[in-house]
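Visitor: I'd like to learn how to read surface patches and ring contacts. Could you walk me through a case?

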Amino acid sequence: MLSEVPSEARFLTAAQFLLITLVVKIAVVATLATMLVRFRQFRRILLTEKRAWKERLVFAFSVGVPLSAGVAARLLLNYDAGDISLAGPFLAGLIAGPYAGAIVGIMTGTPALIAGEAIAMPFAIGCGFAGGGLREVCPKEAIWHFSPLFFIDLHRHAWQMIRFKFDWLMILLAAPIGLELLRQALGARFSEHLFYMSPPNIPLGILVVLATVLSVAVPIKIWNTARIEHRLQEQEKLLMSSRVEALSSQINPHFLFNTLASISSLIRSQPETARTLIVKLSALLRRLLRSQEQFVTLKEELAAIDEYLDIETVRFGPTLIIEKQISPDSLNLIMPSMLLQPLIENAIKHGIGQKIGGGQITIRSRRETDHAVIEIEDDGTGMNPSELNPIRSDGIGLRNVDERLRVIYGENYHLKIESVRGEGTCARIEIPELKTPKLATA
């Protein structure tokens, strides 16, 4: 049964009013699909093809409730564009299975049945089962390939069918077309018991059928785009996690090689010192092997640094002075593990180690708004201007720290080095404040 044209729209012809209604109908479908996909639970249901009963029910009610409201708006307000009682159940069945489609059919058919449209509910349920039955036999990826852009290659798919090559996209296209033609036939025969849009001519009849197809294809396109974006985000997270882990794995071998080189140089001249270094090194390695965390607090990072400095203090003796100026409110800062060790190692090896008479390393931390600033400063020999760019540095440690900061926090976060030849060097990093690790597996 076609609703009467509202009095406000009587200045439009029947054909113009029908055309506007079809355009608004597609806009309503697109808006509803976009709103639903913004909910995390609904979006999660779209990501997998194997769904539990609870997920199917959530999907069915998420789609069925607004569609029922659209049918009620058509009955109470003569707002025909809100009635999607054919495409809605068919779409639900196509995505979530026949029973989900039938539930949506029952929900959309109930208001119409109450209003006296006796055929509405059986027809809506049939549309749900039609979509669900098609889902059972159709490859799942073929469903997600069904979109408004499908019409661009329609001639190619039609040619495949002419050559007797089975094409699932043509079947997906034919299903809503067939259902709409069936509704037109039933509506013409039982006009008082089923809502349908009766076109005054063949061109508008084609547009009515096209609107039904788009009411199915547009939500699939919107939801599939959301699925693809989610997968790309997950892949990007995995890629970044793998990259950070690869960078972290460079630290231990680099540190171990340098420390073993130092021990080997002391074996003959200072065997007792070499033995002490081996004991401390084994304790530090045991700690690193026990901890698999990629993010730690600054307090935990400083504890690891103390074990490393114990080794260096044995090598240099009292000539190496370590001073800490740590702000108490920065101790709970979450930061990548083993980030400071390469900076301190670089300060000792290239600063203090090349200076006669030893020297001092100062470790500072302070809070600035929503960031923490950590500085490693030495009073060693300093660096040449060409060595101040970590990216161009020949050392693995500085390049590693710089790249880890850029990968984890973005290009605005990187290692800054200031140095004066003969006076010393200061390495500075800024880390955004995080109460909990942002990348648990990074």
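Visitor: Which residues make the nonpolar surface patch here?

Guide: Patches join residues with over 30% relative accessible area and no salt bridge, linking nonpolar side chains (Val, Leu, Ile, Met, Phe, Trp, Tyr) within 5 Å. Here W53, L57, F61, V65, Y99 and F129 make one of about 620 Å². This is a predicted model, with local features needing pLDDT of at least 70, side-chain atom pairs counted only at pLDDT 80 or more, and totals for chains, interfaces and linings using all residues. Numbering starts from 1 along each chain as its sequence is written, and side-chain values use heavy atoms, leaving out hydrogens and water.

Visitor: Which helix gives the most to the nonpolar patch?

Guide: Helices are DSSP runs (H or I, at least four residues), numbered from the N terminus. Helix 3, residues 53-77, leads with four residues.

Visitor: How many aromatic pairs does the structure hold?

Guide: Rings of Phe, Tyr and Trp (its six-membered ring) pair if their centres lie within 6.5 Å; planes under 30 degrees apart are stacked, over 60 edge-to-face, the rest tilted. There are six pairs. F42 and W223 sit 5.3 Å apart between centres with planes at 65 degrees, so they're edge-to-face. F42 is in helix 2 (residues 40-46) and W223 in helix 10 (residues 202-266), so this pair ties together parts 181 residues apart in sequence.

Visitor: Is F42 buried or exposed?

Guide: Buried means under 20% relative accessible area, exposed over 50%, partly exposed in between (1.4 Å probe, protein chains only). F42 is buried at 3%, and W223 is buried at 2%.

Note on methods: Patch = residues over 30% accessible without salt bridge, like charges linked within 9 Å, V, L, I, M, F, W, Y side chains within 5 Å. Areas by Shrake-Rupley, 256 points an atom, 1.4 Å probe, with all protein chains shown as cover. Salt bridge = Lys/Arg side-chain N within 4 Å of Asp/Glu carboxyl O. Helix = DSSP H or I, 4+ residues; strand = E, 2+ residues; numbered from the N terminus.
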